[in-house]
Amino acid sequence: MADNERIPTVIADEAHIIYKVHQAGASSSSPLASFKRLATRSKNSNIREVHAVKGVSFVAYKGEAIGLIGTNGSGKSTLLRAVAGLLPVSRGAIYASGQPSLLGVNAALMNELPGDRNVELGCLAMGMSPDEVRAKKDEIIEFSGINDKGDFATLPMRTYSSGMSARLRFSIAAAKQHDVLLIDEALATGDAKFRRRSEARVRELRAQAGTVFLVSHSEQSIRDTCERCIWLEAGTIRADGPTDEVMKEYEAFARR
Ligand SMILES: Nc1ncnc2c1ncn2[C@@H]1O[C@H](COP(=O)(O)OP(=O)(O)OP(=O)(O)O)[C@@H](O)[C@H]1O
């Protein structure tokens with residue numbers, strides 16, 4: 001893609017994300033203690049802060065698929081949730097074009113409803129018209145493969161294995177062209193055949209000029225899907241560049 005065609009879709013500018021954790025059972029959560037704090041303008045010592053993302057900056061462009069890697073607890077999911085607008089940024093800023101869609105293994109679908117109803121609701125929630133939903137429904141169920149072993153689409157989702165639910169979630173989200181699609185470990189949950197199919201779909205979505213972020217501990221998924229990689233460690237960016245180069249640095253770090 002020529003330089004003059006590079007259109008930014010997500011900009012993180014020195015973004016900090018801090019969780020505030022209320023510790024249960026603490027005496028300072030009583031009304032009297034709260035009143036004393038107000039009167040003396042002191043802080044609640046039972047609120048602990050977890051500084052998960054510390055001054056992260058990057059620009060993502062249309063047509064890029066970016067892998068987010070890093071050891072457990074390094075801030076990958078937190079950063080993704082902030083890009084999706086689900087977590088506030090404490091300092092700095094994150095700007096995104098359109099409404100980024102977060103596809104996580106925990107994305108909310110209704111467990112009591114059958115898969116096909118969840119497909120309809122999910123598509124409507126993503127802004128499709130009822131006609132579009134009708135036109136896409138069978139294709140989505142087919143792509144998910146949940147009916148490969150019987151008519152599961154009409155059974156409640158609570159009867160699905162975790163892999164089957166993850167596949168259905170991915171299939172619903174991937175049925176729409178997103179400006180920014182954020183995927184958290186979803187590909188790793190499916191079996192090898194579904195993984196290949198979903199990786200191909202991610203490439204298609206990207207080719208249609210969206211931006212895809214993929215958080216995964218599967219080196220293969222990242223290598224197969226993303227040409228750029230951001231390595232987060234302890235909430236800061238350790239490397240950002242071509243996947244091969246960043247992976248090499250990360251592997252050397254992980255071996256230490
Ligand atoms: N809801 C929360 N409340 C408080 N702290 C949290 C919360 N969620 C995550 N954290 C903390 O934020 C930090 C980053 O967590 P995060 O889940 O973003 O890491 P990650 O890189 O996605 O990890 P993993 O690879 O294990 O999924 C960790 O220290 C974690 O304990």
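These legends describe close-up views of one predicted model of a chain with a ligand.

Residue numbers start at 1 along each chain, in the order its sequence is written. Because the model is predicted, local features need pLDDT of at least 70 and side-chain atom pairs count only at pLDDT 80 or more, while totals for chains, interfaces and linings use all residues.

**Figure 1. The whole chain and its confidence.**
The chain holds nine helices and nine strands. Both are DSSP runs numbered from the N terminus: helices are H or I with at least four residues, strands are E with at least two. The C-alpha trace spans about 65 × 45 × 40 Å along its principal axes. Of the 256 residues, 36% are buried. A residue is buried if 20 or more other C-beta atoms lie within 10 Å of its own, exposed if 12 or fewer, and partly exposed in between, with C-beta atoms placed from the backbone. Among contacts with a separation of 6 or more, 71% join residues 24 or more positions apart. Two residues are in contact if their C-beta atoms, placed from the backbone, lie within 7 Å. The average pLDDT of the chain is 86, and 90% of the residues score at least 70. pLDDT is the predictor's confidence in each residue, from 0 to 100. Where pLDDT is low, the predicted coordinates should not be read in detail. For the complex, the predictor gives an ipTM of 0.97 and a pTM of 0.79.

**Figure 2. The shell around the ligand.**
The residues around the ligand are Tyr 19, Val 21, Val 50, Ala 52, Gly 70, Asn 72, Gly 73, Ser 74, Gly 75, Lys 76, Ser 77 and Thr 78. Strand S1 (8-22), strand S2 (47-61) and helix H2 (76-83) each supply at least two of the shell residues. H2 gives the most, with three. By type, the shell has four nonpolar, seven polar and one charged residue. Here Ala, Val, Leu, Ile, Met, Phe, Trp, Tyr, Cys and Pro count as nonpolar, Asp, Glu, Lys and Arg as charged, and the others, Gly among them, as polar.

Lys 76 sits in helix H2. Lys 76 counts as buried because it has 26 C-beta neighbours inside 10 Å. Leaving out residues up to four places away in sequence, Lys 76 touches Leu 68, Gly 70, Val 215 and Leu 232. Its C-alpha atom is 8.6 Å from that of Val 53, 23 residues apart along the chain. Gly 73 lies in the loop between strand S3 (65-69) and H2. Gly 73 has 13 C-beta neighbours inside 10 Å, so it counts as partly exposed.

**Figure 3. The largest nonpolar core and helix H5.**
The largest nonpolar core has 56 residues, and those with the most contacts inside it are Leu 68, Leu 80, Val 83, Leu 182, Phe 213 and Leu 214. Helix H5 provides the largest share of this core, seven residues. Such a core is a set of buried Ala, Val, Leu, Ile, Met, Phe, Trp, Tyr and Cys residues joined through C-beta atoms within 7 Å. H5 (residues 162-174) has 13 residues and reaches 18 Å from first C-alpha to last, close to the 18 Å expected at 1.5 Å a residue. The expected span is 1.5 Å times one less than the number of residues. Eleven of the 13 residues of H5 are buried, among them Met 164, Leu 168, Phe 170 and Ile 172.

**Figure 4. Leu 109 in its loop.**
Leu 109 is found between strand S5 (101-104) and helix H3 (115-125). Leu 109 is partly exposed because 19 other C-beta atoms lie within 10 Å. Beyond its neighbours within four places in sequence, Leu 109 is in contact with Asn 118, Gly 122, Met 157 and Arg 169.

Glu 14, in strand S1, has a positive phi near 50° and is not a glycine. Glu 14 counts as exposed because it has 12 C-beta neighbours inside 10 Å. Ala 234 also is not a glycine, and its phi is positive at about 50°. Ala 234 lies in the loop between strand S8 (228-233) and S9.

Conventions: A residue is near a molecule or strand if its C-beta atom, placed from the backbone, lies within 6 Å of it.
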